[in-house]
Amino acid sequence: MENFTNTTIDTTQLPRFEEVQFSKLHPDYWKVMLINTAITFLILGVAIGFVFYFNEGIRDFAVYFGVGFGILVGLTIVFSRIGFQKRGFAFREHDVLFQSGVIATKTIVIPYNRVQHVALHEGLVSRYFGLAKVEIFTAGGSSSDIEIPGIEKEQAENIKQLLMGKIQKQL
Amino acid sequence: MIKADFSQPQRQSKVGVLVMFFYTLQKSLRALWPMLVIWVFKFDEVNKLYLAFGTVAVIVLVGFVSYLKYLNFTFFLDEENQEFIVTEGILNKSKTTIQLNKIQQVNINQSLIQKFVGVYALDVDTAGSSKKEGSIKAISHELALELKTRLLENEGKLIDTDSETAQSALAEAHPEEHPFIKISFITLLKVGITSNYLRSFGLLILFVSTIYENISNFTEGDVLEEQSLEHYIDGTSIFKGILMLVAFLFLIVLIINLVRVVFKYFDYKIAKQKGSLLLSYGLLNTKSTIIKPEKVQITTITRNYFQKKMDILEIKIKQATSGEPEEKKSAIEIPGCSETERDQILKLLFKSIPEKGVQLQPNFRKLVFSIFTTIMIPLSLYFAFANWIEPQAFEFIYLVPVYIVFIGLVLYFGFRNYRLFISDNFIIKQSGAWDVDHEIIEPMKIQAITTSQLFWHKKADIGSIILHTAGGNVAFQLGDFTRIKRYVNLWLYEIETSDSNWM
């Protein structure tokens, strides 16, 4: 308590989180997303195909189903593209920010002194492109955790080290 | 007090076999109750010898199993590794290891069975998982207190309050020594008739539907056959019938509420102990809990119009937990405080009474949107259904204005009460149409902040904010986004420049 001061804070002079420049995800991550979408729809398509193969009664609707399926695939790809472009992350001196969202722009901020632990996750497809996902956890439950996908493995390791360093300092 | 030795694996109290026996019996009865019902219904047809035989067999088996359970249940304190270890199970052995510094709470409870036998249950709660990890079902009172002290001792060392936790642990068993708040029976009655209508109603529905389902399962057919039902309705006018049904339901809900509140909160006592709150309550199962101010995350004060007139209110306190499903469980409720008692409790928790400060209100679009989702959409669905599928539904058209007025009022008051108050040390969110909630958090308890804005709200400059704490989230929707962002920057600054603990 010796060094305690209590000067008035000028809230307009504080650093603004909304003006932070966000780094984009790695371009290769778009390919990862495409491949994952393709796999999902392939499985779905095969399943629907089987239904039509064994069920003659509904075969007449196959064309409508095909068109509907095509539109669904198209929409998913368009939305994932927008989602990919809108995602971004930033590491400031005292906190980490992550932005995402297609319809709503969502920004989540976690101060370093609230981070519980950090994990590195490599998906099967991501690993092929040398990408990793950094997961940052707080005590606030799953809704307040940040997952930053599409970061080069080496950079992800660095980020993890950086965060670990910041957490250690707090303790 | 003589230091009991916990370093060797030990079993529960010998009478614990009895507790185990009752618990196992209870469990098997729960599993077997359909069979029991068949027995009761078809008593004459079943050979009485079989019945007696079966009963004896079940009791012997349960007794044997519970004895084995007792034999296989051991617990001990590993001083070297600072761990508390519980081993249990007959065929599937399980060993639970809890690190002492992870322990959040140690509760000593007593259920009805335990009260008869004269033992206590000791539950160890950690932040790490959603369920109670270590649970000892039968332990003598002195041993329970001693063990609790030892379990919490370690934590005491960590947060530098050494003997404090130990003493409070001892005092917890005797909060009646100097309780500063006692909730009287009359107050409980008041609480019972003024709160939780919805919850009791839900319980009632659940209860009735379970009974109905079970009965119709056994009698192989609907008890209420459609014809007889129609007959009944024809006899009295529909309107009168509905009115009577509503009145009857309301009465039942009131009674259920009263009984539930009295059973749950009978003899509620709150005592102070070195800055912590010690609570004890319950008619059949006496519960005692401890609230440490530094662990409190969200404090909710709820009151409705009737309660305001009677000067009672309910306080809910959420402490630090992890994992969402636990959230509900960990809320500690204090029903029926007066305003002065509320202030006393708040002073204890926050060292000052939270002031409301600057007010943020939602944009009118919030009201428009909720009218759209809860009035327009259901009504258009109803009209579409009545128009094209089932014209008979038009018979209920007189309910439409009732629905619109009722929901409209709920939405209007909900909107009018929806506010966020921000002061230097507190953030208070007010919400609710009938039961008005005030959720109080301190900026220092924030774990992370989410802001979000729909792209068509950019021009209107409105957006939402979610404050994440270790006890759950507090969200405020469609407020002035520029001001919200300014407060986010301020809170981030405050969190990042201080090393004050959130727990």
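Which residue of β18(B) stands opposite T105(A)? In this predicted model, the residue opposite T105(A) is Q453(B). The two belong to a pairing between chains: β4 of chain A, residues 104-111, and β18(B) form an antiparallel pair with 6 bridges.

The contact between the two chains involves 27 residues of chain B and 28 residues of chain A. On the chain B side, two or more residues come from each of β18 (446-454), β19 (462-469) and α15 (481-497). Of the elements on this side, α15(B) contributes the most, with 9 residues. Sorted by class, the side of chain B that touches chain A holds 11 nonpolar, 11 polar and 5 charged residues.

Buried nonpolar residues were examined next. In soluble globular proteins, nonpolar side chains tend to be buried together. The largest nonpolar core has 47 residues, and the members that touch the most others are I110(A) and I449(B). The element that gives the most to this core is α15(B), with 6 residues. When neighbours within four places in sequence are left aside, the contacts of I110(A) are D95(A), V96(A), V115(A), I136(A), T138(A), I146(A) and A448(B).

Within chain B, strand β2 (residues 83-88) and strand β3 (residues 94-99) run antiparallel and are joined by 6 bridges. In this pairing, T96(B) of β3(B) lies opposite V86(B). The strands form a hairpin with 5 residues between them, and G89(B) in this hairpin has a positive phi near 110°.

Helix α6 of chain B covers residues 185-194, and its buried residues are T187(B), L188(B), V191(B), G192(B) and T194(B). These buried residues are covered by several elements of chain B, including strands β7 (179-183) and β13 (331-337) and helices α9 (238-265) and α10 (305-310). Just after α6(B), a positive phi of about 60° is found at N196(B).

Key
Residues are numbered from 1 along each chain as its sequence is written. Chains are lettered from A and ligands numbered from 1 in the order in which they are written. This is a predicted model: local features need pLDDT of at least 70, side-chain atom pairs count only at pLDDT 80 or more; totals for chains, interfaces and linings use all residues. Two residues are in contact if their C-beta atoms, placed from the backbone, lie within 7 Å. Helices (H or I, at least four residues) and strands (E, at least two) are DSSP runs, numbered from the N terminus. Ala, Val, Leu, Ile, Met, Phe, Trp, Tyr, Cys and Pro count as nonpolar, Asp, Glu, Lys and Arg as charged, and the others, Gly among them, as polar. Two strands pair if DSSP finds at least two bridges between them. A nonpolar core is a set of buried Ala, Val, Leu, Ile, Met, Phe, Trp, Tyr and Cys residues joined through C-beta atoms within 7 Å. A residue is buried if 20 or more other C-beta atoms lie within 10 Å of its own, exposed if 12 or fewer, and partly exposed in between; C-beta atoms are placed from the backbone.
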